[in-house]
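Welcome, and please take a moment to look over the sequence and the model before reading on. This short report is meant as a friendly first tour.

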Amino acid sequence: MAKRVGHGEPLVRIGLDDGGSLEIGASGPYRILDPETGRAVWQTSYEEPIQVVADGAPAGGVARVYRIQVGAFGSAAAAERERDRLRAATGAPGVVRHDPDRGNWRVRLGESSTRSGLNSLLERLRTMGQQELWIAEEAAAEVEGVDLRLVDSRWQSHSTGLTRLAVVPGPRSRIRINGKSYRGIVELRVTSFGTVRAINWVEIESYLLGVVPAELGPEVWPRIEALKAQAVAARTYVWRNKGQFLDEGYDLCATPRCQVYAGADAEHPLSDRAVRETAGQILVWEGRPIIALYTATCGGHTEDGKGIFPEHDEPYLKGVPCRAEEAAMASLRATIAGRSIPKLVDATGKDVTRDWALLAAAGVLSARPPERLNGSLLREWTRVLARLSGLTPAESRVPEVVTLGDAAEMLLADLGWAQRAELLIDTPDLPALLRDSGVEDLPESQQRALAYLASVERLQPFADGKFGATQAPDGARFLPALVHMGETYKAFGLRSAMVAGMGANSLRLFERKNEIRLPFADEPLLFARTSGVPVAVSRLEIWPGDRVRFRTNLAGKIDFLEIEPPVKGASDDRSSTVYSWSVRKTRRQLEATINQRISVGKIKDLEVVHRGVSGRIIELRVIGSKATETVRGFSIRTLLDLREILAVIEIQRDGKGEIEAVVFTGKGWGHGVGLCQVGAYGMAVRGAGYREILAHYYRGAELSQLSDTAP
Ligand SMILES: [Zn+2]
């Protein structure tokens, strides 16, 4: 273990972005070379970003072709034998495709420009007893005659006539691809689809600096031993899987298909240290790097490799309990203590506590609003709100405010909104908007002000439908209107973010792409959400993944925070960091995804045939109107489009016994095999070292120094 990795570090080529064009640049001067001759292309050196365009690619994209996948094999020879057998039996064309993700060879039969064009062959294969028939999509043919063109920021352009280019940074400079920076150099090449792909040539140890923090965020999971275990697993993965995408000119992809590589921007001192302190260490079994699968959150027990990936029946990939995980999840939750805010309702019974809190935090109000609002207090409020909104505070004489109508008119006038009420509310609309004969004696300007506030739903009537326009104005009734007006100008500085984790009296947040850390003010104002209604709470439990809205005071401390109502489509962010989940899919939704892969028609039933050691569904029977198919392992997850298959399936049926929807309730996130990332963190929290963590999840694998092995 004492030996160090020698000089001449091995390189790995990582496939990055791919598209019709890419933007390249660097943090300093850089060069673009012809990789064959080493000569500079177009300009001797570049300072500005350059667009690289795939010239001559077909406008409508590349045609697709569909084939039936009949099986996957561990060797090319076995796959070719099966292809020949089926080709002879059916007369259909057959191909063998290497799948770099899974390290296997797949046999595909038939060829059609539509899915339905394969139906008769599907039937034929089924009657022959073939199981697990999937419909696969491929590019119809390689695109030819495409080369690379360079376009600068002044739209000057240069056709290189080349299909490959090398982008080389100057000293101490980093190449940028589509705004992300990378160590090493970058190759650009035309793909078989006629697009341009960037390939990062980088030393393996440098590559790992951009993998470890992307796979196990050091800010959210700040334990060095867990990060070291992740570094060893990631390094082992590279040595085992290097060269998988050789056909496409690189070794590994940069996405979760392989392992996530986020480049130099993602580097973090803690994960850097984890890579450095494990330099050159990998896991081996019988002298060969292991298949170092790892999974985000296993849900309490990992699964045997063969249950999920039948081709990976490895002795070191055995399902193990993961008790550290739940404790790790719990350690990420925290309770914030805030001010206890008495509920505030206005004269009509409307709860305006949140409006009051927001206005108080922003300094618009300094106390609870009075039951009888007068002109000078209303003027104080509008002056502060106008300043916060970037409007000119009203200087006019304070009018006499006796009624609700007086106050509404003054409020709009003070903030320059009187014209809205004049222009946007037509006289004939007044009775329709107000529906209150009691307002008829008011001046029209007051009726308009009330109607405008009612039309934007910021002033509500009493239970009898009357506004009480001639009664004394209740201060609390104007708070929703003040908040509405302020929010129009972003006066309160409200920001949205996702919770990354908790510190001592501070919050770590992802605000768009940035991770920030903000302290809490003394006694912040906190709001939870119960069925869409904000509720003031003095203690708020926050989980990583929660979406929050907050503001900070002049000292940059959070003084107001509320949990945002869950937004449709954003729930995945949240679920990626929680332990359990539930999802309901209608029959139509399921049929749409299932029939893309296996053609079974209308879904009649889903039967769990076998569960693995962890409880994962490892064999599922899909009973359809046209066919019944049995699906195994990871394909089940793809087929059902779930985040895990450690799940319970509950079927809802209608009166006729037809499936209406299926509810999947499960635990975890990922495939469930190998090292559990959250579990590794939990073990590290409990004091385990990285060797112990690796030994737990990869039973029997040995830690080895690269100079001692010949991978
Ligand atoms: Zn786990």
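What follows goes from the overall picture to helix contacts, cysteines and a few loop residues.

## Getting oriented

This is a predicted model, in which local features need pLDDT of at least 70 and side-chain atom pairs count only at pLDDT 80 or more, while totals for chains, interfaces and linings use all residues. Residues are numbered from 1 along each chain as its sequence is written, and side-chain values use heavy atoms, with hydrogens and water left out.

## The overall picture

The protein has 20 helices and 35 strands. Both are DSSP runs numbered from the N terminus: helices are H or I runs of at least four residues, and strands are E runs of at least two. Taken along the principal axes, the box filled by the C-alpha atoms is roughly 95 × 70 × 60 Å.

Of the 711 residues in the protein, 52% are buried. Here buried means under 20% relative accessible area, exposed means over 50%, and partly exposed lies in between, with a 1.4 Å probe and protein chains only. Contact means heavy atoms within 4.5 Å. Among the contacts in the protein with a separation of 6 or more, 68% are between residues 24 or more positions apart.

## Two helix pairs

Start with helix 9 (residues 353–361) and helix 15 (residues 479–488), whose axes come within 9 Å and cross at roughly 55°. Axes are lines fitted to C-alpha atoms, for helices over the stretch in contact, and angles run from 0 to 180 degrees between N-to-C directions. Helix 9 and helix 15 are therefore oblique to each other. Angles under 35 degrees count as roughly parallel, over 145 as roughly antiparallel, 65 to 115 as roughly perpendicular, and the rest as oblique.

The crossing of helix 9 past helix 15 is left-handed. A crossing gets that name if the near helix is turned anticlockwise from the far one by less than a right angle, and is right-handed if clockwise. Which residues make the contact between helix 9 and helix 15? Helix 9 contributes Arg354, Asp355, Trp356, Leu358 and Leu359, and helix 15 contributes Leu479, Pro480, Leu482, Val483 and Glu487. Sorted by class, this contact of helix 9 with helix 15 has seven nonpolar, no polar and three charged residues. In this sorting, Ala, Val, Leu, Ile, Met, Phe, Trp, Tyr, Cys and Pro count as nonpolar, Asp, Glu, Lys and Arg as charged, and the others, Gly among them, as polar.

Next come helix 10 (residues 375–389) and helix 11 (residues 404–414), with axes that come within 10 Å and cross at roughly 30°. That angle makes helix 10 roughly parallel to helix 11. Helix 10 passes helix 11 in a right-handed crossing. On the helix 10 side, Gly375, Leu378, Arg379 and Thr382 meet Ala407, Met410, Leu411 and Asp414 of helix 11. The contact of helix 10 with helix 11 has four nonpolar, two polar and two charged residues by class.

Alanine 481 belongs to helix 15. Is alanine 481 buried or exposed? It counts as buried, at 1% relative accessibility. Leaving aside residues up to four places away in sequence, alanine 481 touches Leu411, Leu453 and Arg458. Alanine 481 and leucine 411 are 70 residues apart in sequence, and their C-alpha atoms are 8.8 Å apart in space.

## Cysteines

The structure holds one disulfide, where a disulfide is a pair of cysteine sulfur atoms within 2.5 Å. It is formed by cysteine 253 and cysteine 258, with their sulfur atoms 2.2 Å apart. The link of cysteine 253 and cysteine 258 is right-handed, with 115° about the S-S bond.

| Residue | Relative accessible area | Class |
|---|---|---|
| Cysteine 253 | 7% | buried |
| Cysteine 258 | 9% | buried |
| Cysteine 322 | 3% | buried |
| Cysteine 676 | 0% | buried |

## Exposed loop residues

Most residues other than glycine have a negative phi. Glutamate 286, although not a glycine, has a positive phi of about 50°. Glutamate 286 sits in the loop between strand 17 (281–285) and strand 18 (288–289), and is exposed, with a relative accessible area of 74%.

Lysine 490 also has a positive phi of about 50° without being a glycine. Its place is the loop between helix 15 and strand 21 (495–503), and lysine 490 is exposed at 71% relative accessible area.

Finally, lysine 656 lies in the loop between strand 32 (647–653) and strand 33 (659–667). Lysine 656 counts as exposed, at 74% relative accessibility. From C-alpha to C-alpha, lysine 656 and glutamate 380 are 66 Å apart in space, and they are 276 residues apart in sequence.
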